[in-house]
Amino acid sequence: MLNHNTGPTIAIIGAGLAGLSCATQLQAKGFKVQVFEKSRGPSGRMSTRNGEGWSADHGAQYFMARDPLFMDELNTWLTAGVAAKWHPHLKVYEDGQWRESASNDQRYVGIPSMNSPGKYLAKNLDVIYSQTIHSIAHKNGKWTLSSLENGKLEGQFDFLVLAIPSPQAFALTNLVDQSIEAKNQVDMLGCWTVMAVFNEKQSIPFDAAFINGEIISWISRNNSKPQREGQESWTIHANPQWSQEWIELDKDEASKQILECAKRLGLDCQHAAISIHRWRYASGSTVANPGFKVFEDIQLGLCGDWLHGGRVEGAWLSAYRLANAITAQTTL
Ligand code: FAD
């Protein structure tokens with residue numbers, strides 16, 4: 001038990017960056033925090049797939065830091081050695097032509113893998129993994145939870161935070177108040193992701209590329225990121241609109257179409273070992289506001305990227321702001 005606080009009890013569902021950040025802030029303020037996560041490890045969509053002799057970031061590819069608050073957080077990750085700058089040779093494919101990217105943005109990645117910042121945060125938190133929360137109830141001012149794996153869980157909580165993609169959050173809030181979804185709905189799009197692992201280094205004239213006008217929107221050589229070892233692996237993302245339209249496609253067929261497109265773009269994966277992953281909820285709103293949501297009457301909070309611009313930085317900021325709002329309204 002890492003959390004010796006005796007303040008109000010908070011359950012947080014989701015150990016992605018938002019849930020972990022919210023938990024970290026609230027724990028530091030004296031709340032007794034318990035995080036529940038359906039996967040076997042932390043970090044959510046800031047994720048890495050590991051195979052025999054290879055790894056590939058198959059969710060978030062990099063992140064940027066523009067807000068001073070997130071820059072401070074990033075500095076702690078850099079100091080802890082769980083994030084670093086990434087300087088890819090970046091190209092753009094547009095109107096059937098390749099060009100060098102003109103972007104001067106500073107990009108960062110987790111090291112040695114994209115899930116490292118999440119693992120770093122989770123180390124100091126009570127996170128219970130492999131718990132898919134499928135039911136929540138609010139009675140006499142207390143929250144109780146049930147998971148697919150264990151049924152009704154022990155413990156009652158003063159406050160509940162849902163740090164999960166919007167469709168998953170509203171599936172839960174609908175169990176207590178259907179008007180919450182009606183007022184806050186945000187659509188999220190899926191993403192088909194192919195990982196290609198090669199025995200030999202590929203002579204491709206870039207490390208990563210933004211692709212326009214094709215079913216693929218992004219290609220990246222994982223080994224161009226700092227501290228990536230093992231066989232050369234490439235991550236290929238299909239674009240959000242195509243992915244969403246074909247989200248129910250058979251995995252082999254999705255992989256075939258994405259690899260045909262990659263070949264046309266110069267990455268021939270014929271001799272590569274292929275894995276594919278379907279992200280059902282990859283990207284959400286790119287709108288910056290409202291940042292987070294609090295329903296004071298039932299002591300419920302929502303946070304995550306979909307409430308704050310749809311990216312890694314937004315997920316962190318959303319959680320940070322929700323934690324401040326909860327602290328401001330609660331007497332410790
Ligand atoms: P998540 O990371 O989704 O965390 C939610 C967590 O809740 C997950 O761990 C999930 O398993 C868990 N969960 C869900 N339901 C339940 C339940 N019922 N019970 C228990 N646990 C549950 N962002 C960038 O900044 N740059 C990029 O290059 C970039 N590329 C991306 C590419 C892809 C393919 C994807 C999928 C995302 C990308 N993103 C990128 C977006 C970025 O990954 C997210 O904005 C950020 O990681 C979201 O964090 P979060 O904590 O809000 O949500």
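Colleague: How many residues does helix α2 have?

Modeller: Helix α2 (residues 68–80) has 13 residues; helices here are DSSP runs of H or I with at least four residues, and strands are runs of E with at least two, numbered from the N terminus. The model is predicted: local features need pLDDT of at least 70, side-chain atom pairs count only at pLDDT 80 or more, and totals for chains, interfaces and linings use all residues. Residues are numbered from 1 along each chain as its sequence is written, and side-chain values use heavy atoms, leaving out hydrogens and water.

Colleague: Which residues of α2 are buried?

Modeller: Phe 70, Glu 73, Leu 74 and Trp 77 are the buried residues of α2, buried meaning under 20% relative accessible area and exposed over 50%, with partly exposed in between (1.4 Å probe, protein chains only). Down the axis of α2, they fall within an arc of 100°, taken from the directions from the axis to the C-beta atoms, so they line one face of the helix.

Colleague: And what does the face turned away carry?

Modeller: That face of α2 carries the exposed residues Pro 68, Asp 72 and Thr 79.

Colleague: Turning to the open sheet, what is its strand order?

Modeller: The seven strands run β7-β6-β15-β16-β17-β14-β18, with mixed pairing; two strands pair if DSSP finds at least two bridges between them. β7 (97–100) and β18 (273–283) each have a single partner strand, so one side of each is left without a neighbour in the sheet.

Colleague: In what sense do β14 and β17 pair?

Modeller: β14 (residues 189–198) and β17 (residues 232–238) pair in the antiparallel sense over six bridges. Thr 193 has His 237 in β17 as its bridge partner.

Definitions and conventions:
The expected span of a helix is 1.5 Å times one less than its number of residues.
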